[in-house]
Amino acid sequence: VSLIAMRGVPIGYPAAALQVPQYTGADWSKAWRTGVCFLTIDNKFSEFSPSICLTGTAGRKQYLLLGDSHAAHLYPGLANVFPELDILQANAAFCPPLINEPSIYPPFMPNCLKMSSYIFGDFLLHHQVDTVILSAHWEESMFPELARTVAWIQQRGMKVIVIGPSM
């Protein structure tokens with residue numbers, strides 16, 4: 001009974017490992033920049049803020065983090081671990097970062113289509129970033145379009161990193 005009350009015996013674990021449970025109930029919406037750089041079904045595309053999410057500092061390397069919530073959850077870690085980089089962010093829920101056919105979930109289509117259109121049809125045509133990070137809950141059926149998206153980005157002289165799924 002005492003082991004249950006103590007939630008196990010914290011012997012032999014590093015101090016950092018013992019701190020992990022405190023994050024299980026955390027509200028990550030602020031860290032993910034929800035409603036500003038990461039749009040959920042509760043947001044409209046007009047709430048996306050390019051002046052906050054897509055603005056870097058001259059002379060610094062710029063990495064653009066594109067994708068769904070699987071991308072959004074990477075933002076705080078990337079920004080913290082790589083402070084010398086500008087981590088730009090454009091994320092929408094259930095919106096894999098693909099040039100064509102970006103969302104297969106109708107309720108999320110409006111934000112997804114507008115985000116994809118803005119990023120691939122405007123932003124990346126007029127702004128040169130060093131690297132584009134594509135992250136999503138990938139499904140095998142998306143791989144051909146993912147390959148076309150990677151090729152499109154590389155043809156414009158940018159590097160690509162593909163991440164996921166993270167589950």
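Colleague: In what order do the five strands form the open sheet?
Modeller: Strands here are DSSP runs of E with at least two residues, and helices are runs of H or I with at least four, numbered from the N terminus. Two strands pair if DSSP finds at least two bridges between them. The pairing in this open sheet is parallel, and the order is S1-S3-S2-S4-S5.

Colleague: Which are the edge strands?
Modeller: This is a predicted model, where local features need pLDDT of at least 70, side-chain atom pairs count only at pLDDT 80 or more, and totals for chains, interfaces and linings use all residues. Residues are numbered from 1 along each chain as its sequence is written, and side-chain values use heavy atoms, without hydrogens and water. An edge strand pairs on one side only, which is the case for S1 (38-39) and S5 (159-163).

Colleague: How many bridges join S2 to S3?
Modeller: S2 covers residues 62-67 and S3 covers residues 86-92. Gly67 stands opposite Asn91 in S3. The bridges joining S2 to S3 number six.

Colleague: Why is the pair of Tyr118 and Phe123 tilted?
Modeller: Rings of Phe, Tyr and Trp (its six-membered ring) pair with centres within 6.5 Å; planes under 30 degrees apart are stacked, over 60 edge-to-face, and the rest tilted. The centres of Tyr118 and Phe123 are 6.5 Å apart, and the pair is tilted because the planes stand at 35 degrees.

Colleague: Is Phe123 buried or exposed?
Modeller: Buried means under 20% relative accessible area, exposed over 50%, and partly exposed in between (1.4 Å probe, protein chains only). Tyr118, at 22%, is partly exposed. Phe123 has 3% relative accessibility, so Phe123 counts as buried.
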